[in-house]
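Hi,

Here is the structure I promised to pass on. Have a look at it first, then read my notes below.

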Amino acid sequence: MAAIASVGVPALRTGAVLTASSRGPVARAGVGSRQRVSIPVQRLVKPFVTGRRAPGFGVRAGAVAYDDLTPSGLHGKAMQFPSKDDFPTRAEVLSNVPEECFVKDTAKSLMYAAISTAITVGCGVLAYLFIPMQLSFWPVWLAYAAVTGTVATGCWVIAHECGHNAFSDNRLIQDSVGYVLHSLLLVPYFSWQRSHAVHHSRTNHLTEGETHVPYVKGETKGTMNLNVKDSIGEGPFAIVQLFAHLVFGWPAYLLTGATGGSARGITNHFLPNVNTGPMELFPGSWKAKVWKSDVGVAAVVAALAFWVSQTSFATVFALYFGPYMFVNVWLVLYTWLQHTDTDVPHLASSEWSYIKGAFLTIDRPYGAVFDFLHHRIGSTHVAHHVDCTIPHYHAVQATEALKNTYPDLYLYDPTPIAEAAWRVAAKCVAVEPRGEGKDTVWVFTDKKEPRVAPA
């Protein structure tokens with residue numbers, strides 16, 4: 001079975017994400033950093049003309065063969081990306097994003113946090129008042145869990161924005177909101193802030209990525225995955241994959257680092273010293289922050305236990321844990337589909353770069369309702385990976401800038417979400433190498449047999 005949820009910038013190993021912008025000599029300090037780091041970044045003349053390639057840059061069609069891959073709605077676009085040496089630099093990309101996209105409005109951020117929280121609490125109050133706590137009403141409670149969990153995912157996204165330093169310039173307000181919201185959803189705030197910063201710093205890296213890192217064909221887990229798929233058939237395999245990822249994926253990631261890269265091995269977001277790989281997930285002072293995160297989660301668990309003692313386990317399960325499970329489904333679905341598809345490669349260290357990994361992120365069509373409730377986390381995610389400090393209410397503008405300036409690099413798959421999820425679950429079984437030298441990429445396959453390269 002596939003994993004449930006699976007270097008070049010030294011500062012990132014201590015939790016700092018440095019983003020060079022066109023706004024002057026001071027770079028923004030990103031997720032996990034409590035200081036601003038000054039680096040000289042000159043304002044760049046835009047090297048791209050909107051909607052057209054700049055001279056000397058472009059997609060090298062046919063660099064890696066992909067005609068035999070199951071097509072996604074991207075039609076092999078990511079397989080035609082140039083080598084990292086021919087990619088624009090991160091500073092060049094950021095210079096083409098309007099400066100106002102990086103401006104944080106604390107009042108506006110608090111408003112969105114209040115909206116998501118109010119709708120979530122409102123759903124809970126209405127259910128408590130009007131849905132009988134009887135077994136015969138389980139279909140109604142299931143519907144409540146799906147609706148309220150979907151709404152509460154907006155609270156999760158707001159806390160995620162706090163962790164990225166995209167909520168407010170006031171760090172106390174930002175961390176307070178993020179800590180409370182994530183703790184209420186049993187997420188250790190600072191622990192996840194650090195691991196998610198690593199995810200951003202190594203997007204689609206074959207070994208150092210963090211979440212949804214693929215198994216490799218020929219290695220133990222990759223071979224096992226391919227054997228299971230071959231034994232039970234594609235349909236049952238896809239069902240198992242979807243169930244395992246969406247139901248168990250999030251707790252498995254928090255407790256064991258499931259689908260994290262091999263560089264860190266088994267990890268635990270509550271016990272910072274659990275780390276079986278050569279690279280630490282929580283180095284130095286991050287260990288103390290993990291313990292601080294545990295306090296918030298423990299307080300919520302204690303409150304839930306008290307609630308059970310005053311009512312019943314059925315009441316707490318129906319009102320809290322049902323929606324909680326649907327929140328987990330949403331966040332795993334988003335992350336899985338943002339970085340995985342049949343023709344979207346992963347990269348080894350020799351070919352990986354921050355900006356190339358960022359552009360291997362996929363935007364998808366979630367529709368107006370989910371975009372509103374979830375603050376466009378799935379439809380503007382490329383911009384989010386280019387610079388995670390862009391507030392969500394500026395993400396559409398930033399996305400349009402990237403789409404127009406880098407049409408050959410921006411990935412948008414119009415495939416309906418249910419269809420895309422089925423394709424990814426059925427076909428993205430393990431990765432194998434394609435290409436040679438600097439053109440080598442690691443691409444998903446669902447076939448046990450050795451691939452025969454075209455003559």
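Contact here means heavy atoms within 4.5 Å. With that in mind, tryptophan 250 touches Trp156, Val187, Trp192, His245, Asn328, Leu331 and Val332, leaving out residues up to four places away in sequence.

Before you go further: this is a predicted model, where local features need pLDDT of at least 70 and side-chain atom pairs count only at pLDDT 80 or more, while totals for chains, interfaces and linings use all residues. Numbering runs from 1 along each chain as its sequence is written, and side-chain values use heavy atoms, with hydrogens and water left out.

Now the cores. A nonpolar core is a set of buried Ala, Val, Leu, Ile, Met, Phe, Trp, Tyr and Cys residues joined through side-chain atoms within 4.5 Å. Buried means under 20% relative accessible area, exposed means over 50%, and partly exposed is in between (1.4 Å probe, protein chains only). The largest nonpolar core has 41 residues, and Trp156, Trp250, Tyr320, Leu333 and Leu337 touch the most other members. Two or more residues come from each of α3 (138-163), α7 (234-256), α8 (286-310), α9 (313-339), α14 (417-427) and β4 (441-445). These names follow DSSP runs numbered from the N terminus: helices are H or I with at least four residues, strands are E with at least two. α9 gives the most, eleven residues. There is also a second, separate core of 33 residues, including Val64 and Trp352.

Last, the charges. A salt bridge is a side-chain nitrogen of Lys or Arg within 4 Å of a carboxyl oxygen of Asp or Glu, and the count comes to 18. In one of them, arginine 264 pairs with glutamate 210, with the closest N and O atoms 3.6 Å apart. Arginine 264 sits in the loop between α7 and α8 and glutamate 210 in the loop between α5 (189-201) and α6 (220-232), so the pair ties together parts 54 residues apart in sequence. Arginine 264 is buried at 3% relative accessible area, and glutamate 210 is buried at 2%.

Another salt bridge joins aspartate 446 and lysine 447 (3.3 Å, N to O). Through shared partners, salt bridges link Lys229, Glu234, Lys427, Asp446 and Lys447 into one network. Aspartate 446 counts as buried at 11%, whereas lysine 447 is partly exposed at 48%.

Cheers
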